[in-house]
Amino acid sequence: MSINCIRTAKVPLQTFAAAKAISRHRDSSNRLVSLFGSKSSPSFVTLRVASSMAYEKELDAAKKAASLAARLCQKVQKAILQSDVQSKSDKSPVTVADYGSQAVVSLVLEKELNSEPLSLVAEEDSADLRKDGSQDILERITKLVNDTLATEESFGGSTLSTDDLLRAIDCGTSEGGPNGRHWVLDPIDGTKGFLRGDQYAVALGLLEEGKVVLGVLACPNLPLASIAGKNNNNNSSSNEIGCLFFATIGSGTYMQLLDSKSSPVKVQVSSVENPEEASFFESFEGAHSLHDLSSSIANKLGVKAPPVRIDSQAKYGALSRGDGAIYLRFPHKGYREKIWDHVAGAIVVTEAGGIVTDAAGKPLDFSKGKYLDLDTGIIVTNEKLMPLLLKAVRASIAEQDKASAL
């Protein structure tokens, strides 16, 4: 099977009407100017593409890719074996599903968008799978991917070899950057949640000239109904599980039942104005965020509800539909945020009316390659709460720094 991918950061940009609209755009948003103090355009908040049809083909491909990858992950999660987990230099587990998910997304995007080279910035590469002793796990992944693609008529019964699989995984070795078009993928965001049987997400986004223009979150274990009770805009009383969130620049955010032909519903972030009535999300794993700092910020705001701790960018999806009002992420010192952990989730929230910044109130810049250069952490909330949240964040960080200096 021919796989047409590229692995460099510089991707020639074809002439898209949407790209021209982006380049011509100028920010006229008073609310953002008042929050950020200038008219420097955040990556995904101020850009507005003239036509909502501009990314229709890309969105359809992304939804198909993420949904099929989630289907593969669901199958593996039902029967996780200890041998599926390999060690990784940053100590996070890598599973059979991680590799399989990345291969599925790569193959679907390449097939659906075959008129252009595929630049994919993703978490995994095939190095471990090429080592001696990895043949069994490689064959298992190949079978999983073939079984998954066989459920999709457009693949016409074609069968991948192990070499095809390795090439598909390595399509994800692009470096990204400010030029051209780059897909950004976390094949399983929230791997520890996945292994526990809890929340995880297949997170796929698209960068155009360094700006986020599209995002899809497939969250197989997230209920269609709210996970935070009251104070939300999600009125569903359904007991169904599995959500697909998607957004394109200027067109809003939508949610539908994963792996279903159900009609999408437009969602919005919480409209809560009083911090005392707000609930906040943070990472389940203490290693991913400083819970003590988040607690200090919540206390300064007067938040009364306990934190909702869940894994993965499922938090972004839940926040986009109003399940909570605030998301705080403050990694330990020295940790560098990767773009695939935030690209899809960020546009899903901002297109639902939310704001995503670093701890200094600056918009996230996804044009620098695989890593985000940011101040201290990431904060997410609605327009009305952001000024209060920034004030509380700055005060709490200052107190923490003062205590550390003693």
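Predicted model: local features only at pLDDT ≥ 70, side-chain atom pairs only at ≥ 80, totals over all residues.
The protein chain has 11 helices and 12 strands, and buried residues account for 57% of its 406 residues.

**The chain as a whole**

- Take the contacts between residues at least 6 apart in sequence: 75% of them join residues at least 24 apart.
- The chain exposes about 16900 Å², and 48% of that area comes from carbon and sulfur atoms.

**Where α5 meets α6**

- Two packed helices are described by the angle between their axes and the distance between the axes.
- Here the pair is α5, covering residues 135-149, and α6, covering residues 162-170; they pack at an angle of about 80°, and their axes are 9 Å apart.
- Angles of 65 to 115 degrees count as roughly perpendicular, so that's the label for α5 and α6.
- On the α5 side, the contact is made by Gln135, Leu138, Glu139, Ile141, Thr142 and Val145, while α6 brings in Thr162, Leu165 and Leu166.
- Sorted by type, the residues of this contact come out as five nonpolar, three polar and one charged.

**Asn146, also on α5**

- Asn146 sits in helix α5.
- Its relative accessibility is 15%, so Asn146 counts as buried, the cut-off being under 20%.
- The Asn146 side chain reaches the backbone nitrogen of Leu160 at 2.8 Å.
- If you set aside neighbours within four places in sequence, Asn146 is in contact with Ser158, Thr159 and Leu160.

**Two loop residues with positive phi**

- Glu209 isn't a glycine, yet its phi is positive, at about 55°.
- You'll find Glu209 in the loop between β3 (201-208) and β4 (211-223).
- With 34% relative accessibility, Glu209 counts as partly exposed, because that class runs between the 20% and 50% cut-offs.
- Ser312 isn't a glycine either, and its phi is positive too, at about 75°.
- Look for Ser312 in the loop between β9 (308-310) and α9 (314-320).
- Ser312 has a relative accessibility of 9%, so this loop residue counts as buried.

Conventions
Residues numbered from 1 in each chain as written. Heavy atoms only, no water. Axes fitted to C-alpha atoms, helices over the stretch in contact; angles between N-to-C directions. Helix = DSSP H or I, 4+ residues; strand = E, 2+ residues; numbered from the N terminus. Parallel < 35°, antiparallel > 145°, perpendicular 65-115°, else oblique. Contact = heavy atoms within 4.5 Å. Nonpolar A, V, L, I, M, F, W, Y, C, P; charged D, E, K, R; others polar. Buried < 20%, exposed > 50% of the residue type's maximum accessible area, 1.4 Å probe, protein only. Polar contact = N/O pair within 3.5 Å; in protein donor to acceptor, adjacent residues only side chain to side chain. Areas by Shrake-Rupley, 256 points an atom, 1.4 Å probe, with all protein chains shown as cover.
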